[in-house]
Structures are given as C-alpha cells and as structure tokens.
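Work through the following exercises with the sequence and the model side by side. Each task is followed by a solution that goes step by step.

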Amino acid sequence: MTMERLVSSPPPASAATQAPPQAPARASIAVPGTAAPPPGSGRLTSLDVFRGFTMLFMASEIMRIPQVARTFDNTVAQWIAWSLDHVPWVGASPWDLIQPAFMFMVGVSLPFSLASRRARGQSFRHMLGHAIYRAVVLILLGIYLRSNGRPQTYFTFEDVLTQIGLGYVFLFLLAHVRPTVQWLSAGLILFGYWLAFALFPLPGPGFNTASVGVPPDWPHQLQGFAAHWNKNTNFAAWFDQWFLNLFPREEPFVYNRGGYLTLNFIPSLATMMFGLLAGELLRTRREASEKLRMMLAFGALGIVLGLLLHVLGVVPLVKRIWTPSWAIFSGGWAVLFLAFFYYVLDMKGYRRWAFPFLVVGMNSIAMYVLVHETTGYIVDTMRIHLGSGFFELFGAEFEPITSGGAALLVLWLTLFWMYRRRIFLKV
C-alpha cells in the first residue's frame with residue numbers, strides 16, 4: 001500500500017471519452033484496477049462518483065439509522081429500517097446491494113487499469129505480479145480490520161476486501177481473454193457453484209440446527225430442494241468448518257452467525273466479471289448512446305433472470321451465501337446504477353452535484369479504513385470538547401444519528417483535505 005501526492009490544483013472532472021493527448025496524468029486509487037491513467041487513456045467520472053456514492057451509503061452504517069427507526073411504530077420508519085439493513089436470509093434490500101456494487105466496480109475498473117499499464121510499457125509478467133500483490137494486501141487488510149478489538153488475529157475471509165482479494169488474480173487473468181470466453185467462464189462458475197450446493201447432502205432427520213446457530217423455530221428455513229441453501233448447513237459452510245480451523249483461533253470455528261462464507265468469492269467472481277464486461281464495453285468506440293442502451297438492457301435482463309431462477313425454484317435469492325441467482329440479480333442492479341451515473345455525468349455533464357461523492361470515490365480505501373479505525377475516537381473526542389449532551393440536540397432517541405453524522409462529516413472533510421492536496425491512497 002502506498003500513498004501518492006502531487007502538488008498542484010485539485011484534479012479536474014474527467015470526460016467520458018478519451019482525454020486529449022496533452023492531458024496530464026492524475027493520481028488516484030480506490031479499489032484494485034483504478035491506477036491513474038496515462039495521457040490519452042481517459043477516465044470515467046461516473047465510476048468515481050458511483051464508488052463514492054456506494055462508499056458513503058456503506059459508511060452511513062455508523063449512524064445506526066435502522067436501530068433508531070425501529071423505535072418508531074409507523075410504516076415509513078419500518079420501511080427505512082428494512083432498507084438500511086440486510087434481510088435475514090432470502091430476498092434483498094437496498095443495503096444488500098452495497099457489496100455487489102463494490103465488486104462489480106472492481107471489474108469495471110480493470111480494463112482501464114490494464115490499458116494504462118500497457119501504455120506505460122508494462123509486461124504481462126509485471127502486471128500479474130502487481131495483481132498478486134494487490135490481492136494479498138487486500139486480504140491482509142480485511143483480516144486486520146476484522147481483528148480489531150480481539151485478543152488475537154481473527155482469520156476471516158467473508159468481508160468485501162478479502163472477497164475481492166481472493167478473486168482478483170482470477171479476474172486479472174480472465175481480463176486477457178475474449179468477451180465470449182468471459183461470458184462462458186462466468187456461466188460455468190455459477191453453474192458449478194450451484195451444482196456443488198445441489199449435490200451436497202442435506203442434514204439427516206432430527207438434526208439440531210441450533211448446533212450451527214440456527215434456532216429450530218427460525219422462520220427463514222427453506223424447505224424441499226431449496227434447503228440445500230439453508231443457513232450454516234450447506235456446502236460452503238461445511239468447507240469453512242474445515243478451512244477456518246486450519247488457522248489459530250480463540251476457539252474452534254463452527255458457524256458464522258450471519259451465515260457468510262469464505263467460498264462466496266467464487267460466485268462473486270462472476271459479479272466482478274460482469275463489471276469487467278461493462279468496463280470493456282465502455283472502452284469501445286461505440287457511441288455513448290449505444291453503450292447506455294446495452295447497459296440498460298443487460299441490467300434489466302440480469303434482474304429478471306435472477307428473479308426467475310428464484311421464483312422457479314432453481315436457486316433461492318440469498319446474498320449472504322451469494323447464490324448464483326443473487327450474483328446475476330445484483331449484477332443487473334449494479335449495471336443499471338452505472339448506466340445512471342454514466343448518463344448523468346459522462347453523457348450529460350451534470351457534475352456539480354456529484355462533487356461530495358467524487359471526493360470519496362477517489363479515496364475509497366482511505367474512507368473504508370477510516371470508518372473502521374477512527375469513528376469511535378472522533379465521537380468520543382467531540383463528546384469531551386462539546387459536552388456529553390451535544391448529540392442529544394434533537395432528542396436522546398436521535399443521538400446515534402447525530403453522533404454518527406458528525407463523525408461522517410469529519411471523515412468527509414478529511415478526505416476533502418486529501419483531495420485538495422492530491423493525496424490518494426493506493427493499493
């Protein structure tokens with residue numbers, strides 16, 4: 001992980017098309033595949049803004065809005081609570097789309113990164129080495145952040161950073177084959193993963209689901225063929241009971257309370273590949289309007305196909321274990337969001353409103369780390385200097401929103417300071 005600093009004025013908004021040959025290169029970073037493009041490579045403002053919007057949406061978790069909303073007994077508050085939290089198992093809420101969006105954007109970024117590196121004369125061997133380095137750094141960073149507050153290193157591989165790291169080298173290699181092979185590979189990945197779950201034996205009669213963290217009366221248990229994708233009794237949960245116990249732990253691993261799995265990186269690789277295909281489309285010389293129509297069509301198709309796989313009983317829609325239907329469904333939503341930002345920012349040029357998101361999108365790794373490492377410190381410090389009752393200005397029930405919002409503002413101002421000085425964290 002490195003930090004780049006260029007002493008000059010803030011970077012200008014980039015164009016959707018290729019920049020003129022004399023345009024200066026601009027340092028940047030966020031997630032793998034976003035190295036600064038050389039002159040002539042172009043940069044998508046829409047991708048930076050999409051990334052920043054998603055990161056701020058994720059960071060709003062520190063405001064604990066669902067927790068506050070559930071204290072109010074009205075339809076609007078309950079809808080807000082549902083929208084800003086993960087569904088228990090089957091289905092989807094807006095909050096569930098955060099991680100797929102990040103993984104999709106990794107794929108979108110990669111063709112631009114490869115074009116930049118090729119333009120600088122880097123060999124395949126050099127780029128592969130860098131891809132491996134990025135993957136390792138992301139995995140280690142994810143483990144480090146998940147280990148905070150624990151007595152020893154907590155080896156876990158289901159969060160967004162480790163999932164990206166586990167799949168990134170495969171994504172890099174697949175970026176060097178034709179789109180037809182990429183589509184075929186994504187389909188084979190999802191079919192193979194579906195087959196592994198479908199063939200895995202179900203628990204026998206009388207199995208005590210409480211032994212894997214699922215109460216007997218849990219209302220989200222699936223029946224029939226869909227039971228192959230139940231919480232903590234599926235193929236990938238069995239794998240984790242072996243794999244995670246290879247690492248030193250405070251106590252033996254039996255189950256993940258949320259049902260999240262290490263092997264999620266396999267179907268989520270398909271999600272990144274959908275982004276890769278979108279990025280390659282955006283780099284073509286097609287008319288912008290044609291690119292937009294294709295993204296809208298593929299997005300709608302992904303949503304419909306993912307829902308059909310769920311409704312027809314082929315495979316349920318479960319984000320926590322990244323079922324193939326979820327990979328397709330969430331990929332469809334991600335490409336529709338990208339199409340929206342592409343149309344508004346890169347085609348129409350309406351960019352002023354998006355500046356707060358751009359600041360975060362160009363330094364999203366920094367934002368991710370700061371949210372996890374400094375939020376508590378910021379809130380505690382403000383309480384010391386502003387008084388313990390400062391965050392109860394709108395009532396004690398809104399204290400989590402007020403304190404979290406204040407911390408989020410401080411974090412954004414920190415990134416704005418970095419943006420003004422052209423300091424961008426790079427992996």
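In these exercises, buried means under 20% relative accessible area, exposed means over 50%, and partly exposed covers what lies in between, with a 1.4 Å probe and protein chains only. The model is predicted, so that local features need a pLDDT of at least 70 and side-chain atom pairs count only at pLDDT 80 or more, while totals for chains, interfaces and linings use all residues. Residues are numbered from 1 along each chain as its sequence is written, and side-chain values use heavy atoms, with hydrogens and water left out.

**Exercise 1. The chain as a whole**

Task: State how many helices and strands the chain has, and what share of its residues count as buried.

Solution: Helices (H or I, at least four residues) and strands (E, at least two) are DSSP runs, numbered from the N terminus. With these criteria the chain has 14 helices and two strands. Of its 427 residues, 54% count as buried. For the contacts, take heavy atoms within 4.5 Å; among the contacts in the chain with a separation of 6 or more, 76% come from residues 24 or more positions apart.

**Exercise 2. Two residues of one loop**

Task: Locate Trp 218 and Thr 233, decide for Trp 218 and for Thr 233 whether the residue is buried or exposed, and list what each one touches.

Solution: Begin with Trp 218, which is found in the loop between helix H7 (179-199) and helix H8 (235-243). Trp 218 counts as buried because its relative accessibility is 17%. Not counting residues up to four places away in sequence, Trp 218 touches Pro 88, Trp 89 and Lys 231. Thr 233 is likewise found in the loop between H7 and H8, and its relative accessible area of 13% makes Thr 233 buried. With residues up to four places away in sequence again left out, Thr 233 touches Phe 200, Pro 203, Phe 207 and Val 212. Thr 233 can also be placed relative to Gly 259, which is 26 residues away in sequence and 9.4 Å away in space, C-alpha to C-alpha.

**Exercise 3. The surroundings of Ser 147**

Task: Describe where Ser 147 lies, and find which backbone nitrogen lies 2.8 Å from a polar atom of its side chain.

Solution: Ser 147 lies in helix H5, which spans residues 124-147. Ser 147 is buried, since its relative accessible area is 13%. Leaving aside neighbours within four places in sequence, Ser 147 is in contact with Gln 152, Thr 153 and Tyr 154. The nitrogen in question belongs to the backbone of Tyr 154, at 2.8 Å from a polar atom of the Ser 147 side chain.

**Exercise 4. Aromatic pairs**

Task: Count the aromatic pairs, and classify the pair formed by Trp 333 and Phe 337.

Solution: Rings of Phe, Tyr and Trp (its six-membered ring) pair if their centres lie within 6.5 Å; planes under 30 degrees apart count as stacked, over 60 as edge-to-face and the rest as tilted. The count by this rule comes to 38 aromatic pairs. Among them, Trp 333 and Phe 337 form a tilted pair, with 6.3 Å from centre to centre and 40 degrees between the planes. Both residues lie in helix H11 (residues 324-347), four residues apart, which is about one turn of the helix. Trp 333 counts as partly exposed at 32% relative accessibility, and Phe 337 is partly exposed with a relative accessible area of 33%. Trp 353 and Phe 357, by contrast, form an edge-to-face pair, at 6.1 Å centre to centre and 65 degrees between the planes.

**Exercise 5. Positive phi**

Task: Give the phi values of Trp 322 and Arg 422, and say where each residue is found.

Solution: Most residues other than glycine have a negative phi. Phi of Trp 322, however, is near 50 degrees, a positive value. Trp 322 is found in the loop between helix H10 (288-311) and H11, and is buried with a relative accessible area of 1%. For Arg 422, phi is near 55 degrees, again positive in a residue other than glycine. Arg 422 is found in the loop between helix H14 (399-420) and strand E2 (423-426), and its relative accessible area of 6% makes it buried.

Definitions and conventions: Polar contact = N/O pair within 3.5 Å; in protein donor to acceptor, adjacent residues only side chain to side chain.
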